[in-house]
Amino acid sequence: MDNKDNANPTILNVSELPTRQNKKKTSAISKDADLDLGIVLKRPEYLSAPFCDVPWASDDTDSDDGFTIEPIDEQEIYDLISTISDPEHPLSLGQLAVVNLPDIHITPSPSAAADPNTLTQVLVKITPTITHCSLATVIGLGIRVRLEQALPPNYRVDVMIKEGTHSQDDQVNKQLADKERVAAALENATLKGVLDKMLETCV
Amino acid sequence: MSSHEPPMPVKLVPLPPFKPDLCERAWQSIPHPTLPLLATVHEKSVTVFSLSTLSPHSHLTNGHERSVRSTTWKPNLPPHKLCLITGSFDSSAGLWRWEDEGRGGSDNLEVEMTGGAREESEEKDWELIVVLEGHDSEIKSVAFSPSGQYVATCSRDKAVWIWEDVGASEADDEWETIAVLNEHDGDVKAVAWCPDTNRSGRGRYSSDVLASASYDDTVRIWREDEDGEWICVAVLEGHKGTVWGVQWEPNPKTDRFPRLLSWSADRTIRVWTLKEEEDEAQAAPRHAFGGLGGIPNTMRRSQKEEWSCTAILPTAHTRDIYSATWSPQTGRVASTGSDAVIAIYEEVASDPNGAVFTEDEAAAELDGDVPMSNGHSESNTEASSQWKLISTTPNAHGPYEINHITWCKRYDHDCPPEKRGVEEMLVTTGDDGIVRSWQIS
């Protein structure tokens with residue numbers, strides 16, 4: 001694309017992005033550098049078995065029975081969406097700081113004992129690279145689609161523009177919150193093509 | 001039924017669901033106005049279920065290129081003729097017919113389905129007769145008027161279209177666009193015609209009345225004037241989010257004009273009441289001591305009908321309310337939505353002229369500062385419309401969102417024969433592709 005909304009975005013080095021390894025408290029998780037990738041790759045199992053609590057943290061060797069069911073936390077949400085490609089730059093949403101770990105909120109807080117019927121809200125606030133980015137809606141849609149496909153059915157995904165970072169944030173937020181519009185958008189071949197390309201880098 | 005008895009808490013007991021599971025998102029299930037049939041829209045097709053056997057009666061397929069979002073039964077047909085209109089994301093609406101040739105008897109349909117063996121007829125296909133084209137983008141809702149003369153469609157293109165059946169006979173399917181209503185500022189999510197009750201001879205309009213709900217947070221009411229022009233006679237403002245749907249009061253207790261129910265992404269359900277001109281003189285003194293103060297800012301002087309919000313139902317949902325349904329039998333309202341909760345409300349007192357919600361009161365209720373359904377002023381509590389929440393059922397479709405709820409007559413074999421076609425149940429339709437029914441106890 002020649003006419004990019006933002007030709008020179010700020011780019012974060014991949015090594016600066018937040019990962020599980022940087023968190024000291026995750027003692028139950030091995031330091032294996034492949035872990036985050038492993039989590040991402042395993043997510044689609046939820047698609048075929050929505051009620052199945054896949055023990056994805058199965059390399060947890062500390063526990064007695066060989067695995068524990070780890071609740072989905074903000075880092076895992078981040079890992080699911082930071083690898084989405086920007087629709088106009090050959091870079092990920094994490095590298096462009098469109099998605100940021102502190103702007104991901106899970107309610108109620110992740111807990112291993114959660115009932116699979118308990119509704120859990122995942123709120124992702126995105127930061128478009130420039131305030132009038134016309135692709136903000138497409139980026140938000142990609143995040144919503146990615147999370148709805150990857151998360152169990154008791155998760156409710158809300159994607160919003162971070163306050164003050166976009167000139168039309170109310171309009172974009174309302175579109176992204178509209179289930180019917182999202183469903184119809186996914187049946188639009190052109191838009192679906194753009195989304196598929198963005199999500200290619202996730203798997 | 002006395003309107004002053006305290007409401008009894010009720011429980012929802014699951015009845016056997018319809019089979020098979022559709023295994024994909026289903027948007028809504030519409031009961032036939034008189035026959036034991038239910039039309040469920042899912043993906044690009046419609047499955048018509050028998051309410052007797054809870055299994056498929058027939059299928060409508062290969063008519064739309066994208067998802068079917070809504071459907072409506074043509075009313076007032078003989079029992080061996082069925083007609084549905086489907087509204088699709090492919091921007092078109094389809095008119096379909098199904099005819100049971102050689103079986104004209106009025107009881108046959110039910111008898112045969114009750115018998116369970118219907119091999120030959122189940123293979124009978126619905127035929128797509130006419131495609132109504134004109135909208136620029138997804139059709140969100142379709143609705144037949146009570147007489148079947150008109151169909152309304154609405155779309156993301158912000159327009160409401162009214163189509164008239166101008167065919168010389170029932171079999172002559174010729175439809176004309178008689179109005180394109182472009183006043184909404186956003187997607188029009190739903191259209192609903194006022195039922196054939198207490199609506200004739202009011203004012204200077206013809207008897208058909210249409211309501212539309214929109215992404216622009218408003219509801220609009222449309223009528224046909226003396227010149228045959230369809231005009232917006234009221235804009236109902238108050239919701240603070242997309243209005244997902246509207247339903248007219250199916251069976252008003254008095255001779256008043258039917259009220260209107262609306263539900264929204266703002267998680268509230270509102271009741272709207274027409275201020276009727278002939279009642280104005282006698283209603284005035286009651287307003288004087290009610291301390292309600294003038295006309296709320298929801299009304300515009302220039303509009304030709306005065307509608308006001310006379311109740312906000314008690315808070316029961318934590319996310320978008322996608323659907324609500326008002327029972328013609330009990331007057332109860334049931335609602336559902338993204339939070340997978342089914343809530344049931346009962347009206348315990350009502351006086352359409354006694355209460356008008358102001359925006360401040362509405363906001364206070366939304367904030368939880370004022371107990372829901374407690375009226376708005378001490379002196380007027382008894383006269384105001386009050387609704388109590390009498391039942392909430394969480395996880396009605398497990399963790400899945402519920403897209404639609406409707407009251408529906410029971411015809412299933414677990415229902416005592418004398419109550420078939422009389423007793424009401426609730427039918428819910430969800431993202432899990434399951435159509436569930438619920439007994440009220």
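Predicted model: local features only at pLDDT ≥ 70, side-chain atom pairs only at ≥ 80, totals over all residues.
Residues are numbered from 1 along each chain as its sequence is written, chains are lettered from A in the order in which they are written, and side-chain values use heavy atoms, with hydrogens and water left out.

**Exercise 1.** Describe the interface of chain A and chain B.

Begin with contact, meaning heavy atoms within 4.5 Å: 21 residues of chain A are in contact with 28 residues of chain B. Next take the buried area, which is the accessible area (1.4 Å probe) that two parts lose on being put together, summed over both; here it is about 2,100 Å², and carbon and sulfur atoms give 47% of that. Then turn to salt bridges, each a side-chain nitrogen of Lys or Arg within 4 Å of a carboxyl oxygen of Asp or Glu: the rule finds 10 across this interface, and one of them joins B:Lys189 to A:Glu180 at 2.7 Å, N to O. Finally, strand E3 (155-161), helix H5 (169-177) and helix H6 (179-185) of chain A each supply at least two residues of the side that touches chain B, helices being DSSP runs of H or I with at least four residues and strands runs of E with at least two. The largest share of that side, 5 residues, comes from H6(A).

**Exercise 2.** Which residues touch the most other members of the largest nonpolar core?

Such a core is a set of buried Ala, Val, Leu, Ile, Met, Phe, Trp, Tyr and Cys residues joined through side-chain atoms within 4.5 Å, where buried means under 20% relative accessible area (1.4 Å probe, protein chains only). The core has 41 residues, and those that touch the most other members are A:Ile77, A:Ile81, A:Val124, A:Ile126, A:Ile143, A:Leu147 and A:Leu151. Helix H4 (136-150) of chain A is among the elements that give two or more residues to this core, and H4(A) supplies the largest share, 8 residues. Leaving aside residues up to four places away in sequence, A:Ile77 touches residues including A:Ile104, A:Val122 and A:Leu147.

**Exercise 3.** Is B:His404 buried or exposed?

First locate B:His404 in strand E27 (residues 402-409) of chain B. Its relative accessible area is 11%, so B:His404 is buried. Residues up to four places away in sequence not being counted, B:His404 touches, among others, B:Trp27, B:Ser323 and B:Val427.

How values were computed. Buried < 20%, exposed > 50% of the residue type's maximum accessible area, 1.4 Å probe, protein only.
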